[in-house]
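Here is a short briefing for a reader meeting this structure for the first time. Start with the picture, then take the points topic by topic.

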Amino acid sequence: MFDLGFVNAELERVKQAPIRRDRLVDTLLLARRKYPGGSNRLDDLCARFGIDNSRRTKHGALLDAELLAEVYVELVDARQAQLGLVAVRRLRSR
């Protein structure tokens, strides 16, 4: 929600429609629900999920968005553990 005001101000400057709240995924709210009472700053979430944020020396919108995308995947348990091909045997009808 914090960033939405900034994004919508920029959209207004270029005469575009603002992003409605109902179209927003609030990762902070997701983190608070999943880890109540825990620290849910971006740096802390990166540490919790083992996401490398060593390039983050100060706040930068693009890098923060990249990191937050990785955090989001972890928050919704969408990370694919492994990708591999599974051999499938076809049964012949008799």
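Contact here means that heavy atoms lie within 4.5 Å. By that rule, among contacts between residues at least 6 apart in sequence, 33% join residues at least 24 apart. The model is predicted. The protein has four helices and zero strands.

**Overall build**

- Along the sequence, the pattern reads α-α-α-α.
- The protein has 94 residues, and buried residues make up 18% of them.
- Its accessible surface comes to about 8400 Å². Carbon and sulfur atoms account for 54% of that surface.

**A nonpolar patch on the surface**

- Three residues form this patch: Val25, Tyr72 and Val76. Together they have about 230 Å² of accessible area.
- Tyr72 belongs to helix α4, while Val76 lies in the segment after α4, which spans 61-75.
- Tyr72 has a relative accessible area of 32%. Val76 has a relative accessible area of 35%.
- Both values lie between the limits of 20% and 50%, so Tyr72 and Val76 count as partly exposed.
- A residue needs over 30% relative accessible area to join a patch.

**Tyr72 and its partners**

- Which residues does Tyr72 contact, leaving aside its neighbours within four places in sequence? They are Val25, Thr27 and Leu30.
- Thr27 is 45 residues from Tyr72 in sequence. In space, the two are 6.5 Å apart, C-alpha to C-alpha.

**Asp64 in helix α4**

- Asp64 is found in helix α4, the helix that also holds Tyr72.
- Is Asp64 buried or exposed? Asp64 is buried, because its relative accessible area of 16% falls under the 20% limit.
- Leaving aside neighbours within four places in sequence, Asp64 is in contact with Leu42, Arg56 and His59.

**Rings and charge**

- How many aromatic pairs does a search of the whole structure find? The search finds one.
- A charge also sits over a ring: the charged end of Arg48 is placed over the ring of Tyr35. The distance to the ring centre is 4.1 Å.

Notes
Residues are numbered from 1 along each chain as its sequence is written. This is a predicted model: local features need pLDDT of at least 70, side-chain atom pairs count only at pLDDT 80 or more; totals for chains, interfaces and linings use all residues. Side-chain values use heavy atoms; hydrogens and water are left out. Patches are made of residues with over 30% relative accessible area and no salt bridge: like charges are joined within 9 Å, nonpolar side chains (Val, Leu, Ile, Met, Phe, Trp, Tyr) within 5 Å. Accessible areas come from the Shrake-Rupley method with a 1.4 Å probe; for residues, only the protein chains shown count as cover. A salt bridge is a side-chain nitrogen of Lys or Arg within 4 Å of a carboxyl oxygen of Asp or Glu. Helices (H or I, at least four residues) and strands (E, at least two) are DSSP runs, numbered from the N terminus. Buried means under 20% relative accessible area, exposed over 50%, partly exposed in between (1.4 Å probe, protein chains only). Rings of Phe, Tyr and Trp (its six-membered ring) pair if their centres lie within 6.5 Å; planes under 30 degrees apart count as stacked, over 60 as edge-to-face and the rest as tilted. A charge sits over a ring if NZ of Lys or CZ of Arg is within 6 Å of the ring centre and within 35 degrees of the ring normal.
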